[in-house]
Amino acid sequence: MWSITARLLSLTLVLHITQGARASTNEDRYPSPRIVILGATGVGKSSLANVLVGRDKNYGGANFRNGCFKVSAGLDSITKKTCADQGYWLGDTSKERFTVIDTPGFGDQLLAEEKTIENLVTTLRDQVKYVHVFIIAFKQNDNRMTNSLRSMISLFEKMFGKKFWDNAILEATHWNHGEDAERIRMDSDPSITQKFWTDEFNRILKREYHLKKDLKSVFIDTFYHDESAHEIEVFQNNSQ
């Protein structure tokens with residue numbers, strides 16, 4: 001449907017989290033563009049963040065505290081704090097460095113997660129200061145809008161107004177591009193095409209937040225089969 005780099009190139013607006021801040025003041029620590037990955041617990045945010053900077057999708061987060069960038073098969077949230085890292089796009093050192101921000105997963109324990117949301121906002125406002133793209137990640141087969149995720153998105157909308165949505169993009173995690181997975185999606189009623197998935201989530205977001213336009217979407221499968229020419233091509237098309 002879309003690619004992240006195409007979205008970056010199309011952006012004409014930068015979100016200013018601190019009034020009057022200059023991106024150049026912390027560019028060495030947080031090279032631009034700066035990408036924040038949001039989503040519920042277990043959707044695969046850390047796996048996506050790792051792949052974007054060229055690390056293994058199952059990276060154990062050895063060099064980070066608070067579970068940052070750590071991937072686990074469990075159902076509980078592993079990432080406890082909002083953490084930023086810089087690297088080359090997909091590990092390609094011929095490209096410019098950028099910043100990816102991994103965030104904790106949000107479930108339905110709204111009160112218990114207030115401090116987590118506060119840490120997220122504080123980190124972005126006081127440290128990162130500028131954000132270029134918000135990736136809102138949902139599992140292919142799970143369209144839950146948890147209470148905490150809903151509250152967090154509402155908070156960002158209040159902070160940045162409708163401009164937040166101008167810099168947001170949808171990501172369908174766990175979208176297997178293999179032939180069998182594609183057949184199963186096509187045999188569903190209705191067929192789960194990329195357009196159908198995107199339209200459904202835009203319908204939910206329009207209902208929740210009264211959006212006037214659709215968000216673009218990407219379908220980056222971090223667990224693509226690296227011996228499948230087709231899956232490699234699809235991964236590259238979605239991430240280049």
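Cys 83 is buried (under 20% relative accessible area, with exposed over 50% and partly exposed in between, for a 1.4 Å probe and protein chains only), its relative accessible area being 12%. Its partner in a disulfide (a pair of cysteine sulfur atoms within 2.5 Å) is Cys 68, with an S to S distance of 1.5 Å. This is a predicted model, in which local features need pLDDT of at least 70, side-chain atom pairs count only at pLDDT 80 or more, and totals for chains, interfaces and linings use all residues. Residues are numbered from 1 along each chain as its sequence is written, and side-chain values use heavy atoms, with hydrogens and water left out.

**Disulfide**
- The whole structure contains 1 disulfide.
- Cys 68 lies in the loop between α2 and β3 (83-88) and Cys 83 in strand β3, so the bond ties together parts 15 residues apart in sequence.
- Cys 68 counts as buried, at 1% relative accessibility.

**Helices** (DSSP runs of H or I, at least four residues; strands are E, at least two; both numbered from the N terminus)
- In helix α2 (residues 45-52), 8 of 8 residues are buried, among them Leu 48 and Val 51.
- Arg 125, in helix α3 (residues 114-128), is partly exposed at 36% relative accessibility.

**Confidence**
- The mean pLDDT (the predictor's confidence in each residue, from 0 to 100) of the protein chain is 82, and 82% of its residues reach 70 or more.
- Where pLDDT is low, the predicted coordinates should not be read in detail.
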